[in-house]
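The exercises that follow ask you to work from the fold as a whole down to a single side chain. Each task is followed by a solution in steps.

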Amino acid sequence: SGLRDSTDLYYAVQMGQMYAGIAPDIDSEFLAASPATRMIASSLVKQIAKMGGDISSFVPEAVTSAVLETLKAK
């Protein structure tokens, strides 16, 4: 999973320990988010999209399309 800050790290370590208990033969790997994407949160991207804002600078084109389609369906 991608880690943006200490909150993500704390959660990821908890999940990694749970996964180890469920499937000890599978390793968990944690990657630090790049500086360009570190502060992007999906909840904020969704909020921007719901308000009609442009999210294309935050997510790939396929994600932009999927989010907009999901919003149209609601």
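Buried means under 20% relative accessible area, exposed means over 50%, and partly exposed lies in between, with a 1.4 Å probe and protein chains only. The model is predicted, so that local features need pLDDT of at least 70 and side-chain atom pairs count only at pLDDT 80 or more, whereas totals for chains, interfaces and linings use all residues. Residues are numbered from 1 along each chain as its sequence is written, and side-chain values use heavy atoms, with hydrogens and water left out.

**Exercise 1.** Determine what share of the residues of the chain counts as buried, and describe the chain's extent.

Solution. Of the 74 residues, 18% fall into the buried class. The C-alpha trace spans about 45 × 30 × 20 Å along its principal axes.

**Exercise 2.** State how many helices and strands the chain has, and in which pattern they follow.

Solution. With helices (H or I, at least four residues) and strands (E, at least two) taken as DSSP runs numbered from the N terminus, the chain has 3 helices and 2 strands. Along the sequence they are arranged as β-α-β-α-α.

**Exercise 3.** Explain why Thr64 counts as buried, and list its contacts beyond four places in sequence.

Solution. Thr64 lies in helix H3, which covers residues 61-73. Thr64 counts as buried because its relative accessibility is 12%. Setting aside neighbours within four places in sequence, Thr64 has contacts (heavy atoms within 4.5 Å) with Ile55, Ser56 and Val59.
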